[in-house]
Protein chains: 2
Amino acid sequence: MMGWISFMLHRVQVTSDKFAYDVVTGRGAWRELRRFPLTSYSSIFVLSEKPLWERWGSTFLGESGLEKASPRARPILVPPGERSKALRMVEFVAGQLLKQGADRRSLMIVFGGGVVGDLGGFVASTYMRGIDYVQAPTTVVGQVDSAVGGKTAVNVGAMKNLVGTFYPPRLVIAEPLVLSTLSERAFRSGLYEVVKHAILVGDPFFRQLERGIGSLHPRQTRRLEPILASAVAVKADVVNRDERETTLRLVLNLGHTLGHAFEEATGYRRFLHGEAVGWGLLAATRLAERLGLLASGDGERIARLVRRVGPLPPIRDVPRAKVLRLLPQDKKAIGGNIRWVLPERVGKVKIVADVPMKEVAAALKSVTSDQ
Amino acid sequence: MMGWISFMLHRVQVTSDKFAYDVVTGRGAWRELRRFPLTSYSSIFVLSEKPLWERWGSTFLGESGLEKASPRARPILVPPGERSKALRMVEFVAGQLLKQGADRRSLMIVFGGGVVGDLGGFVASTYMRGIDYVQAPTTVVGQVDSAVGGKTAVNVGAMKNLVGTFYPPRLVIAEPLVLSTLSERAFRSGLYEVVKHAILVGDPFFRQLERGIGSLHPRQTRRLEPILASAVAVKADVVNRDERETTLRLVLNLGHTLGHAFEEATGYRRFLHGEAVGWGLLAATRLAERLGLLASGDGERIARLVRRVGPLPPIRDVPRAKVLRLLPQDKKAIGGNIRWVLPERVGKVKIVADVPMKEVAAALKSVTSDQ
């Protein structure tokens, strides 16, 4: 289908407490499955979502070699959208696996965005108390963030990711080609997570984004490759140092404490996840400035980069009181005390407890009236 | 309530891949919580089932010191019975935890039998990706087997334990006093698991049971203590050598391959779990004899001890074809191939693959027509 072009893959290794696995990014990443010990499994399943699988399934099966592999890969499809990240969908997928004879030596390949990735990882981690799985993320957020690190989850009621596990995949294969059919909005939404990683790691990655992020386009596979590779390297590095989120891994929560609250306060209807994180990054930056933590100039530099990603959906009318009320429910809160991740400069963040709610409210007000 | 009597506790240590924890058995075991670092948790929850908690809750809170502890322990109650071992109950309990402010530093104490133990362990292992928990088992099976080793699970449809995790508790406290309100039948059902452990470890434990198991009674707390302690030591020993069920831990499946099929073939209505295991032990023994694996005399000795536990519900009319069809779905089967655990003599079992179905059918027929 694609002919024999040359592949330049970026590879980082993640060491979990169980085993080490590769995260492979770049054009041709799906071909990595040809080197994976597929024949050692009793059966192979691909979990995906319907429209995505219709568009990309055959390309994926062809490039990955699964088309001709033995055992044959069998797809299990779930409806797209956040509502699939639920325990009743775990029940559905586990039931399908059982019906089709999956056992402890079966392999699950998770082909999809954040929803399928989190759901599939959770099913893999709990089906017969755990089977091997491979992540093949198909969105920007999946490729640079959620597919790496072994965090799996489903939502309970309105609470995102309330139930989940730490369970590393055996391999992550991030193929930028699949991003080419993302909508412009979904694509840009993922770039806010890329910006988050750039804030954590600083220059030269941050500067690279300043130069080009505004004009990035989902079909520019070649231009995307190094950016995605740099972004995922940040994630891999953090996970390598703190798989279980004891402290360091919390830094990945930058922009997410308020981001989650924005999503929940608007019933998950107004913002895509990345867009809520975009607002969360702006608010965290403002909060850090208010607390005198953030070096002068850097706050402006961060805000400018966030704004450059694209237009964010309006936030002015989101009830601030509601957002503030939702904060102590954050999973990273301990005894109701929120641990804030706040930028100190481009390339450095700090975890701060005991931030007065008054300051949070003021930062929130300033950012949300500011648009 | 009990005054200051002296306590003789049996203690074994289990080493998981994460940490080591104590399994404390005997009159006064609940008092161990007084030495547990309760104050280091942000909140404490007790998961239990309604009638059990009404009968034993205040005794437990008093003896354990939870009554006066800070933070105060809050009960979450689920209906008794196997139907509570379901993903929708995971959803309910997680929702309750969230509503009452549970966070990552919360402690869950699981007070109940196998259903609550497996459900509670699963919730603890997945709520916010894992919180600490303590097992306080209140049935014989719980005390000698399921509460030790960190296996958690819920059922999916008719398939028992299809979804679960390996997640060790921080402490197991097995108080025999609580067994005194078990029905005679529920009590005896648990003794089949005790017999299973005796087959694995052999004499002198096996001989001890031969002498007294027929006359054991749920209210004989003092007489029960050493038997429960010996039985749980077998479990702890196996788990210590193979936490993740790679091979050795499979020996605990003795009697369970057919036992599970007996339960499922009768819609979980005829047999208590232990009773199905009792039949499973008899069938595995007969199968081992047929295959020429089991030393002469020992087969008879095992069957006699199983029979001595008490009367088993009838099995003659259970459709054997249905039982045989259910076997390849066993979680320990790989690629449909069942790994049988079969006794070689009292004190030794062997794991055997490739047992001809014809032999299984013949053993099954012989045992089920034999009653």
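Start by selecting helix 5 and helix 10 of chain A: helix 5 passes helix 10 in a right-handed crossing (the near helix is turned clockwise from the far one by less than a right angle; helices are DSSP runs of H or I with at least four residues, and strands are E runs of at least two, numbered from the N terminus). This is a predicted model, where local features need pLDDT of at least 70, side-chain atom pairs count only at pLDDT 80 or more, and totals for chains, interfaces and linings use all residues. Residues are numbered from 1 along each chain as its sequence is written, with chains lettered from A and ligands numbered from 1 in the order in which they are written.

The axes of helix 5 (residues 184–201) and helix 10 (residues 298–309) of chain A come within 9 Å and cross at roughly 160° (axes are lines fitted to C-alpha atoms, for helices over the stretch in contact, with angles from 0 to 180 degrees between N-to-C directions). That makes helix 5 of chain A roughly antiparallel to helix 10 of chain A (angles over 145 degrees).

Now show side chains: R188(A), L191(A), Y192(A), V195(A) and I199(A) in helix 5 of chain A meet I302(A), L305(A), V306(A) and V309(A) in helix 10 of chain A (contact puts C-beta atoms, placed from the backbone, within 7 Å).

Next, colour strand 3 (residues 43–49) and strand 5 (residues 106–112) of chain A, which run parallel and are joined by 6 bridges (strands pair if DSSP finds at least two bridges between them). Here V46(A) has I109(A) in strand 5 of chain A as its bridge partner.

Conventions
Angles under 35 degrees count as roughly parallel, over 145 as roughly antiparallel, 65 to 115 as roughly perpendicular and the rest as oblique. Two residues are in contact if their C-beta atoms, placed from the backbone, lie within 7 Å.
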